[in-house]
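My notes follow in the order of looking.

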Amino acid sequence: MKKGTEKDIDCLPNYKEPKFLGEKEKYPLILLPYQPLMVLENGSQNYPWAQEIFLPMAGVGWETLVEINSETAKTLKLRDGQLVWVESPFKKVKAKVKFSEGVHPGVVAIPSGQGHYSYGKWQKGIGVNPNEIIGVDYDTISGQAAFFNTRVKVYRA
Amino acid sequence: MGLAYSKIDGKSREFYLLLILFSIFTLVGFICFMVSYISGHHVLGSSSIIPWGMPITITIYLIGLSAGSLILSALTYVFGKEEYRPIARLAVYLAIILIFGAMIGIALDLGRPEKSWRLFMFFVLNNMRSMFALNGILYGGYFLIGVIYLGAIFAEKVKFIKMMGKIAIGWAALVHMGTGAIFGFIATRPIFFSPIKPFEFLSAAMVSGLALLIIAVVATFKFTKRNLNQELIFSLSRLLRILIIVLTVMVLIDKLTHLYSPHRDPTIWLFTGPYSWIFWGLQVGFAYILPMIILFHPQYGKNLKWVMVASFLVVIGIFGERFSLVIPGTAYPMPFYPGKIEGIWGTAGSFPITPVESFMSLGMFTLMGLLFLVGLKNLELLPVDQSGQQTPEPAKT
Amino acid sequence: MPRWGMVIDLDKCVGCQACSTACKAENNVPYGSPDDQRMRRDIYWNKVIAATSGKYPRVNTELIPMPCMHCDHAPCVTVCPAKATYRREDGIIVQDFRKCIGCKYCIVACPYGARSFNSREQKEEEYHRPDLPPDRNVWGQWAFPTRTHGVVEKCTFCFHRIDQGIKEGKKIGKEVVPACVEDCPAEARKFGDLDDINSEVSRLLSSRGWIRLREELDTKCKVYYLPK
């Protein structure tokens, strides 16, 4: 067995509790840095036409939105369109929040693809990159890099 | 009769100070207009969701003031009420410069003002089914009728004055009902769409025109040190409070109709949304409730200072009425598809206040103030009382 | 005379917005900036809206592309004072930039938000596209490759392509289509003559139930949607 993987492999379908970075009490929500449609192929956002239609499901462009379920956002006492900090055990970023019904109540979804430091005048300095705040970890079962197991907390900026 | 009219001397220091102040602001307004002409309307903060901003709001406000003022001058010349004769000439002149200011206001708001001559190509190049084009005929004709009317008054041909007065009242009513129809016939915007809009606009015009007339008369007579018969102002204020009641009834019927119809969400948004303070504060509070309380009060209604306060409140409140029609009417996001529309297509528009637009609007008002002062000095508008005890002294040099 | 219409199949549309971008490329529509979008000044000839309904976990988001609907009873044609927008014989609502005075009455009257006001002077090098074929620069009722600021613009069903196609004798709807129809990767948009029983659009309209947007305003628009 390679170092770090599970010693016993169960060949029938079963459930193993995932391992998250950050304690549940301090960082109650799970961060999901997803890739919207414009980012999937080459990910270049240095075109104004591409930036304008960056988030079609949210109807906006030129920015990064923190998408939270509206019930969760109400318990956190947030208002739609407010600037919030999303803080993980490692770093924190600031962006605008959006109430979205399509997100699981325990999850915070932030699109990746913005937040470039340079790379051209149409995307420099626009938006934030959620991959800045995720931790460096590997999946305990397969050994691949894990992107989706960072816990965060969200509060008003 | 027994009334002679005279020009003012116009040599006092305050006169020149006002003249210079108005000229400076008019020049600033003109420079702002040139900035917006060269660089585009983005400096005015216009957008595709709220296409009509401050210039159009001020324009319809000025048309209302003008139509109201002209209809009230007809009280003397058509209905023969002699007690209003001292102020009738002033009312007609005020009406003329207000409609001139309104036409300039329309030209300022156009995206391409150099093509504004197209608005006057009636039946030749224009689409006469459009209320905008019909209003072109109405405003142009109104300006001409006003000028001829004033000319007839100066020439003192009584029969001609009476005939022109009747035409002027009818045409002025049509003018402002036409302005109301620009908004009332648009089915897309539920806050606009109502057959009562022409009548609502006409009542608002009479109310605001009368209030402005009261303020202008009292202020002008005080500044030129002429004695004013206070009974004149009080009878005008009694007329004002009845007109306010009529206007309140019209607006009430209009809003109630909108609350009952299927499209009630935009009206509820007007009452409770981000622009509700303009509706409840300026329109209902300043224009309807407070003036009615003041004017119906047994003590305050007979005090000239309080009547002036009420008139100021009305003038500001009716401006708020125009604003709370144009901006929330266009700002409400349209329901293209059932469901909540996300993003920029589903949020209500916001009206940014930009310095270029503010100074341009201020320039429009000061231009009319300038024309008013120039007219007072060069035309015989103000009365000189023949009886000895109230000889007005000319303004001190 | 043909009556040009469009059918958009919402079952196939994935909301990729290639139609919006293709339209911008074909018609030289200026792009905006973050400020422009926030202030709602940016110009879209074809927009894609997202309409969400329901609460978690029963949520549904519909993505609806909306070009200009080219209504038969167009509210914008009725209210234009300078006759800058009018209905052509073949049903296309034309916007003549040279007659438009920029009064914005049509933007107030359009129920679909299809019209945008050009509020900024674009920089020459960002706007003028010398790479476009030279016959674009002819004077005529449309071809103003650069539009001045202060006029209203909207989708034109790419009538320059249609007119050129008719002149060359090509089949409209099969060989010559507007840019958005041509560039849709899911082939969700179809264009053709609504009065022709053999055209693709007529076949599609009879195959499933169709809806039009904002039917209660009865504008008799000519862009039909086939719901899922």
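I began with the contact between chains A and C: 15 residues of chain A are in contact with 21 residues of chain C (contact: C-beta atoms, placed from the backbone, within 7 Å). On the chain A side I found 9 nonpolar, 4 polar and 2 charged residues (nonpolar: Ala, Val, Leu, Ile, Met, Phe, Trp, Tyr, Cys and Pro; charged: Asp, Glu, Lys and Arg; polar: the others, Gly among them).

I noted the conventions: this is a predicted model, where local features need pLDDT of at least 70 and side-chain atom pairs 80 or more, while totals for chains, interfaces and linings use all residues. Residues are numbered from 1 along each chain as its sequence is written, with chains lettered from A and ligands numbered from 1 in the order written.

I then checked confidence. The complex has an ipTM of 0.87 and a pTM of 0.88. Chain C has a mean pLDDT of 84, and 89% of its residues reach 70 or more (pLDDT: the predictor's confidence in each residue, from 0 to 100). Over residues 132–144 of chain C, pLDDT stays under 50.

Next I looked at strand β8 (residues 189–193) of chain C, where 5 of the 5 residues are buried, so the strand is largely enclosed by the rest of the structure (buried: 20 or more other C-beta atoms, placed from the backbone, within 10 Å of the residue's own; strand: a DSSP run of E, at least two residues). Strand β1 (residues 4–9) of chain C runs antiparallel to β8(C), joined by 5 bridges. In this pair, Met6(C) stands opposite Phe191(C).

Last, I looked up Thr330(B), which is buried, with 25 other C-beta atoms within 10 Å. Among the residues that Thr330(B) touches are Trp52(B), Arg189(B) and Val108(C).

How values were computed:
Two residues are in contact if their C-beta atoms, placed from the backbone, lie within 7 Å. A residue is buried if 20 or more other C-beta atoms lie within 10 Å of its own, exposed if 12 or fewer, and partly exposed in between; C-beta atoms are placed from the backbone. Helices (H or I, at least four residues) and strands (E, at least two) are DSSP runs, numbered from the N terminus. Two strands pair if DSSP finds at least two bridges between them. Lists of a residue's contacts leave out its neighbours within four places in sequence.
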